[in-house]
Amino acid sequence: MALYLGAKGLNRPSKKNVFKGESSMSEKEKIFEEISDAIQSFEEEKVLNAVKKALSLGVDPSEIIEKGIAKGLRIVGDKYERGELFLMHLVAAAEPAQKAVKELLEPEIKKKAGERKSLGKVVIGTVQGDIHDIGKNIVAAMLFAAGFEVIDLGKDIPAEEFAKKAKEVGANIVGASALLSTTLPVQKEIIEALKAMGIRDKVKTIFGGAPCTPEWVEEIGGDGYAENAIEAVKVAKRLIGIKD
Ligand code: B12
């Protein structure tokens, strides 16, 4: 049975979140809305400033990503699906999101990594035919921060490449992201490639991305599913027998 931890994990307040300020909840919510709105209006400067403000107030980077950036992107994606926005709008929303994640949030996440102790090796990438990598990059950064050695193959990666690299580095886990319903089947191909390479019994698999579900992972014989980066860390740890 595929392992997955309850969805919506990010909605629960974390004890580790330190937020200075009197009316913390409402102010925090206001900043998340500011970030999400600025993503939706494609205003890079506003996105970056709001993210900097949130960080300076001590808001957890993963919360900023999920409740601000990802929320804004999802709304833009939904409007695109309904025909209210066009591809250029997806691009315009992705740019400030990527910049905020790469330049402000990932460094902050990695700073928390502290002393390096390798929990295990994770080979991760976005599957062939798919260039969506914002979510994959966040998952990779969170796994790194948690203590995993992360080998990020990048995006548009054929199934065989995942298996080849996993064998080469002696990976404990292979993780793959798919954001399109047309590229989701590549996750199944990865399992097949691991079998063909003769290493399926040595490597755990973890899958994610918007169209991916626990049922799908179960169906393809995968080991773990995670809805977001925080859950991905928990599932990855459990897959290799580490308790939180
Ligand atoms: C930004 C974006 C783009 C950007 C991507 C930029 C980039 N560098 O990533 C650009 C403009 C390039 C783009 C292009 C396209 N896109 Co687009 N895009 C989006 C959008 C709006 C946001 C995706 C995103 O970054 N979300 C924020 C991140 C943080 O969330 P996330 O990716 O889901 O990741 C989280 C979890 O899923 C999970 N996770 C992710 N990966 C992994 C991996 C593992 C191992 C684990 C455990 C967990 C995990 O953890 C992450 C962090 O919390 C989505 C809308 C949506 N609802 O997802 C559409 C969306 C994915 N795109 C869509 C489409 C159709 C396209 C195009 C085909 C459009 C076109 N006509 O050309 C192209 C495809 C290009 C290609 N070949 O890949 C559709 C897909 C529909 C479908 N069901 O197939 C969506 C859903 C929009 C929609 N509602 O119609 N897109």
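Let's start with two helices, α5 and α9, whose axes come within 9 Å and cross at roughly 50 degrees. Such an angle makes α5 oblique to α9, and their crossing is right-handed. On the α5 side, the contact is made by I138, V139, M142, L143 and A146; on the α9 side, A229, I230, A232, V233 and A236 take part. By class, this contact has 10 nonpolar residues, with no polar and no charged ones. Before we go on, please keep in mind that this is a predicted model.

A second pair of helices is worth a look. Helix α6 covers residues 159-169 and helix α7 covers residues 185-196. They pack at an angle of about 40 degrees, with their axes 8 Å apart. Angles between the roughly parallel range, under 35 degrees, and the roughly perpendicular range, 65 to 115, count as oblique, and α6 and α7 are therefore oblique to each other. The crossing of α6 and α7 is right-handed. From α6, the residues A159, E160, F162, A163 and A166 meet V186, E189, I190, A193 and L194 of α7. Sorted by class, the contact of α6 with α7 has eight nonpolar residues, no polar ones and two charged ones.

Now turn to α3 and α4, whose axes come within 11 Å and cross at roughly 170 degrees. Angles over 145 degrees count as roughly antiparallel, and α3 and α4 are therefore roughly antiparallel to each other. In α3, the residues P61, I64, I65, I69, G72, L73, V76 and Y80 face partners in α4. Those partners are H89, L90, A93, A97, A100, V101, L105, E108 and I109. This contact of α3 with α4 has 14 nonpolar, two polar and one charged residues.

Terms used. Residues numbered from 1 in each chain as written. Predicted model: local features only at pLDDT ≥ 70, side-chain atom pairs only at ≥ 80, totals over all residues. Axes fitted to C-alpha atoms, helices over the stretch in contact; angles between N-to-C directions. Helix = DSSP H or I, 4+ residues; strand = E, 2+ residues; numbered from the N terminus. Left-handed = near helix turned anticlockwise from the far one by under 90°. Contact = placed C-beta atoms within 7 Å. Nonpolar A, V, L, I, M, F, W, Y, C, P; charged D, E, K, R; others polar.
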